[in-house]
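Me: Hi! Could you walk me through this structure in plain words?
Reply: Happy to. Let's bring it up and start.

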Amino acid sequence: MIFGNKGSERFLDAVAGFEAAVRERDTDRSQQYFQDLHRFFGKAGDQEFRQAGPRLAAILDEVPPGPRATVAVIVGACVERGADASACGPRILAGLAETLDGARECCERWAATGGGDLPDPQAEEPHPDLFERVGPDAAVAWLTLHQWEMASVAMLNHAAVRTDLDAGTRARLFRTLRSVEEASGHDFKCLAYALLVLDDEPLVVLHRPTGTGYALRMTGIGDNFQLHTLLADVLVGGGHVPGRAPSAEEAAVCRDQPGQVHTTGSFNLVTPTGEWVWNEGTPSDIPVVDGVRLLVLDPPPYERSWPSGRFFPHMTGDLVLERVLGPEEAGRLLAGCVTKDG
């Protein structure tokens with residue numbers, strides 16, 4: 001305990017020193033305390049992380065672009081240890097937006113100056129021509145985007161941050177990210193999936209073999225593997241449709257418990273027009289029909305199994321049954337859906 005408290009004090013001392021040095025634009029002291037942040041981070045306790053996260057987030061704009069990304073990662077780690085995501089999230093996501101714009105500019109300049117494979121942003125040494133060809137700001141944006149991805153996902157793990165992010169801003173972030181991925185050939189899947197997470201989202205599910213329908217509400221579900229398991233838990237486990245119900249543990253790891261548990265699929269997820277909704281995708285792939293996402297469940301054409309769990313281990317997910325559709329309503333909706341054989 002004595003050593004733990006001493007380490008904690010040193011971490012908060014490093015935070016205070018870094019804050020002061022950054023605001024005073026003292027480069028040497030900033031570098032010294034920047035190193036101390038790393039040195040004492042592992043010895044800090046949850047109370048210190050709760051204090052440090054918002055304080056470091058508040059000075060992000062004043063930190064130079066290169067180390068700014070590393071500080072953002074530290075803020076993300078503080079949030080994972082209990083710091084207020086709502087207090088830290090806006091600064092992190094603003095930094096992400098700026099970095100994505102810079103990364104897109106990097107891709108454009110790289111293509112305009114001869115093209116070729118864009119350098120690996122996580123290589124030990126940056127490409128010797130990168131800074132000359134795209135300029136320092138665009139180069140730093142590209143090289144630090146993976147750090148902003150980590151920090152931003154740590155924020156987006158929290159429903160309060162996701163719901164406070166207005167739809168227009170979220171859409172712009174996602175479009176810019178997709179343009180960077182397409183232009184660079186590099187994948188930022190975790191960030192893309194985090195930006196696609198739906199909260200308090202109505203979902204109507206039609207079970208074709210029984211002709212029944214269900215109105216549900218989903219939140220915090222990272223991918224369709226997770227959704228598939230929760231559908232089976234609610235509908236099969238709830239006694240509404242036949243099939244294999246996941247165990248309590250299989251369902252729990254898809255909601256809020258750590259780890260992964262082997263499971264076997266119960267359905268084939270299909271759009272109303274007959275296309276498969278792949279488990280590898282996200283619930284945002286489910287089309288909206290008359291203002292509500294509409295999903296059809298067919299029998300599985302073959303056995304699928306996977307490790308059930310959460311794509312985002314720190315994100316709580318849930319799927320709740322709100323009502324069973326009446327036979328006429330379910331029949332009408334199913335009548336407008338294409339069968340699996342077209």
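**Helix packing and cores**

Reply: Let's begin with helix α10, whose buried residues pack against α5 (85-112), α7 and α9 (167-184). Here a contact means heavy atoms within 4.5 Å. Helices (H or I, at least four residues) and strands (E, at least two) are DSSP runs, numbered from the N terminus.

Me: Which residues of α10 are buried?
Reply: In α10, which covers residues 189-196, they are Leu191, Ala192, Tyr193, Ala194 and Leu195. Buried means under 20% relative accessible area, exposed means over 50%, and partly exposed is in between (1.4 Å probe, protein chains only).

Me: Before we go on, what sort of model is this?
Reply: It is a predicted model, where local features need pLDDT of at least 70 and side-chain atom pairs count only at pLDDT 80 or more, while totals for chains, interfaces and linings use all residues. Residues are numbered from 1 along each chain as its sequence is written, and side-chain values use heavy atoms, with hydrogens and water left out.

Me: OK, back to the packing. What does Val153 touch?
Reply: Val153 is found in helix α7. Not counting residues up to four places away in sequence, Val153 touches Cys190, Leu191, Ala194 and Phe312. Val153 and Leu195 are 42 residues apart in sequence, and their C-alpha atoms are 8.5 Å apart in space.

Me: And is Val153 buried or exposed?
Reply: Val153 counts as buried because its relative accessibility is 12%.

Me: How many residues are in the largest nonpolar core?
Reply: That core has 64 residues, and those with the most contacts inside it are Phe18, Leu56 and Trp142. Its largest share, 11 residues, comes from helix α7 (residues 136-156). A nonpolar core is a set of buried Ala, Val, Leu, Ile, Met, Phe, Trp, Tyr and Cys residues joined through side-chain atoms within 4.5 Å. There is also a second, separate core of 23 residues, which includes Ile221, Leu227, Val236 and Ile286.

Me: What does Phe18 touch?
Reply: Leaving out residues up to four places away in sequence, Phe18 touches Ser30, Tyr33, Phe34, Leu37, Leu56, Ile59, Val63 and Val71.

Me: Where is Val63, then?
Reply: Val63 sits in the loop between α3 (46-58) and α4. Val63 counts as buried because its relative accessibility is 2%. Apart from its neighbours within four places in sequence, Val63 is in contact with Phe18, Val22, Arg68 and Val71. Val63 and Arg23 are 40 residues apart in sequence, yet 8.7 Å apart in space, C-alpha to C-alpha.

Me: What about α4 itself? How far apart are its ends?
Reply: The end C-alpha atoms of α4 (residues 65-80) are 23 Å apart. The buried residues of α4 include Arg68, Val71, Ile74 and Val79. After α4 comes Gly82, which has a positive phi, near 120°.

Me: Which residues other than glycine have a positive phi?
Reply: Arg25 is one of them, with phi near 55°, and Asp290 is another, with a positive phi of about 55°. Arg25 lies in the loop between α1 (2-23) and α2 (27-41), and Asp290 is in the loop between β5 (288-289) and β6 (292-298).

Me: Why do those two count as exposed?
Reply: Arg25 counts as exposed because its relative accessibility is 72%. Asp290 counts as exposed because its relative accessibility is 76%.

Me: New topic: His228. Where is it, and what does it contact?
Reply: His228 is in helix α11 (residues 224-236). Leaving aside neighbours within four places in sequence, His228 is in contact with Gly265, Ser266, Phe267, Leu269, Asn279 and Trp306. His228 counts as buried because its relative accessible area is 1%.

How values were computed: Expected span 1.5 Å × (residues − 1).
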